[in-house]
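Good morning. I have a short talk on one structure, so please have the viewer open.

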Amino acid sequence: MGEFWSGYAIPGIWIVTKILALLIPLLLSVAYLTWFERKVMAAMQLRMGPNVVGPWGLWQPFADAIKMVVKETIIPTKANPGVFLLAPMLTFGLAVIAWAVMPVGDGLVISNLNVGVLYLFAISSLGVYGVVMAGWASNSRYAFLGALRSAAQMVSYEVSMGFVIISVLLCVGSLNLSDIVRAQETVWFVFPLLPMAVVFFISALAETNRHPFDLPEAESELVAGHLVEYSAMTFGLFFLGEYANMILMSGMTTVLFLGGWLPPIDIAPFNWIPGPIWFALKIAALLFVFVWVRATFPRYRYDQLMRLGWKVFLPLSLLWVVLTAGVLVAFGWAPGA
Amino acid sequence: MLIQFIAFYVFAAVCVGSALMVIAARNPVHSVLFLILTFFNAAGIFVLAGAEFLAMTLVIVYVGAVAVLFLFVVMMLDINFVRLRQGFMQYLPIGATVGALLLVELLLVIGIVVDSPDAGGLGGAPMPPVERQSNTHALGALLYTRYMYLFQAAGMVLLVAMIGAIVLTYRVRTGVRKQSIAAQVGRHRADAVEMKKVATGTGVTL
């Protein structure tokens, strides 16, 4: 019995506590990201944004959540019910489990995986299944077109994202996310690898199907793409998953390029603030850029999107990998050399 | 240890079960989805065996890219389910032969491992213990030194395959008005806009 407690029960409870400590703030920030987006967009377009429910509209996310929960879930007659219901769960689940390896502070990580970057990359590349399954199972032309666009788009941008990650890994010499952050103690990678940081962020926009690459759900031509047939909480899960993915991609950019939990300068007033706060602030800044881009740019045409991915980002990032490797070897800066 | 034990049997059972469903499912899209589940559980077994790098690569390459294209193609096919079942008896002999051969070969492999457990490592380089070197490092050190030429040869084969696929599907289309981004961005006001002063009642020729 004693072995049961020390071997299984206590570690189990401890892991569940850690997961809850990460998940609850994450879900709250997902809820408030919708509020933030509406407020920021409103300010950029000289509107008020949500301002009725609670002070400054602060209860709006909860009002929306209650609305989503109490509405009826409609499954179209010709839909494939199993896959139709699985798709939103998959989208949301994947957006959440990726956080298992995200180091929010020094040592504050649920699973300090040796191949953390690959895990994140693998999970984010699975996100396409939610969309494709939704599009196919809905048995609707708009949804199917959206799914096809999404599949092609996400596969294309993953390639250049992979090369960007490789150029960061070359500078670190480890696939562990905490090691990647620690390698940036002298200088954040955004400075030596600025072009790659930009490529990564734009690819992140495409991976999350955000404006200006939101062709899979282009409301003016495809109504809402793969979301057409979804209602109530099935739609809600897609929505939550999409916003959680935005936060995840911002977190990935922060870890890879903006020094994770590290303060900008390691001197008195800055290093008093704990790491997780810095991490959250950096993510918030990137999320602001996500919203800013949405309010600024018109949607890309599909051929332009593909051209950008395959003919601009892919050669550029490939060249940069060669360049980084060359510089590291030439100056003897390669880690572990 | 108990958790690993349970996890292994869950992964293995789901893996075999979903592999069975790949060939048993009536709907080809369901088959592909079960195939993805199989890949995923195989990755889980890799993780349990301590091969984290292989597990992640399996998910990234097979699940994240290959299976997406599979799904893409299968979803686009206009499949008549009744017709699909018709040739079943006709293909049974070939399928059964291939299956039986595979089974015999697998049994041989398992037999060798059971007979002399060290046989697998005889031809290869010994893998350093996981505590001392992560398996990403170990794989890289081996691939880029000892097996460099084979690795390069594999790359060449893939390159040839890619060129072959492009050559086979490429067709020259005439009359395509492709957008030239450079030309479009490089335009000046002087090239596009002309100011004309038009006297009243005379009109203008452009």
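This is a predicted model: local features need pLDDT of at least 70, side-chain atom pairs count only at pLDDT 80 or more; totals for chains, interfaces and linings use all residues.

Rolling a probe the size of a water molecule over the atoms shows where empty space is left. In this structure, two cavities of 30 Å³ or more turn up.

Which residues line the largest cavity? They are A:Thr91, A:Gly127, A:Val131, A:Met154, A:Glu207, A:Thr208, A:Asn209, A:His226, A:Phe238, A:Glu242 and A:Asn245. By class, this lining has three nonpolar, six polar and two charged residues. Two helices of chain A, H4 (116-137) and H8 (232-257), each supply at least two residues to it. H8(A) gives the most, with three residues.

Now the second largest cavity. Its lining includes A:Leu94, A:Ala95, A:Ile123, A:Ser124, A:Leu248 and A:Met249. Also in that lining are A:Thr91, A:Gly127, A:Met154, A:Glu207, A:Thr208 and A:Asn245, and you can find these six names in the lining of the largest cavity too. Two or more residues come from each of helix H3 (81-97), H4 and H8 of chain A. Here the division is six nonpolar, five polar and one charged.

Next, an open space. The second largest pocket holds about 1,100 Å³. It is lined by 35 residues, and those closest to its centre are A:Ile97, A:Ile123, B:Phe11, B:Phe40 and B:Gly44. Both chains take part: at least two residues each come from H1 (2-44), H3 and H4 of chain A, and from H1 (2-24), H2 (28-48) and H3 (52-76) of chain B. Which helix gives the most to this lining? That is H2(B), with ten residues. How do the lining residues of this pocket divide by class? There are 30 nonpolar and five polar residues, and no charged ones.

Two packed helices are described by the angle between their axes and the distance between the axes. For H4(A) and H5(A), residues 141-172, the axes come within 8 Å and cross at roughly 175 degrees. An angle over 145 degrees counts as roughly antiparallel, so H4(A) is roughly antiparallel to H5(A). On the H4(A) side, the contact residues include A:Phe121, A:Gly127, A:Val131 and A:Trp136. On the H5(A) side, among them are A:Phe144, A:Met154, A:Glu158 and A:Leu169. The residues of this contact divide into 14 nonpolar, six polar and one charged.

Chain B can be described by its domains. Domain 1 covers 1-80 and domain 2 covers 133-170. Their C-alpha centres are 24 Å apart.

Last, the backbone. Most residues other than glycine have a negative phi, and most peptide bonds are trans. Chain A has an exception of each kind. The peptide bond between A:His211 and A:Pro212 is cis, with omega about 0 degrees. A:Pro212 sits in the loop between H7 (194-207) and H8 of chain A. A:Leu46 has a positive phi, near 55 degrees. Its place is the loop between H1 and H2 (60-70) of chain A.

Technical notes: Residues are numbered from 1 along each chain as its sequence is written. Chains are lettered from A and ligands numbered from 1 in the order in which they are written. Side-chain values use heavy atoms; hydrogens and water are left out. On a 1 Å grid over the protein atoms alone, a cavity is a set of points where a 1.4 Å probe fits but cannot get out, and a pocket is an open set with protein on both sides within 12 Å along at least five of seven lines; lining residues have an atom within 4 Å of a point. Grid points are joined across faces, edges and corners, and a volume is the space filled by probe spheres set on the points. Helices (H or I, at least four residues) and strands (E, at least two) are DSSP runs, numbered from the N terminus. Ala, Val, Leu, Ile, Met, Phe, Trp, Tyr, Cys and Pro count as nonpolar, Asp, Glu, Lys and Arg as charged, and the others, Gly among them, as polar. Axes are lines fitted to C-alpha atoms, for helices over the stretch in contact, and angles run from 0 to 180 degrees between N-to-C directions. Angles under 35 degrees count as roughly parallel, over 145 as roughly antiparallel, 65 to 115 as roughly perpendicular and the rest as oblique. Contact means heavy atoms within 4.5 Å. Domain bounds come from an automatic or database domain assignment.
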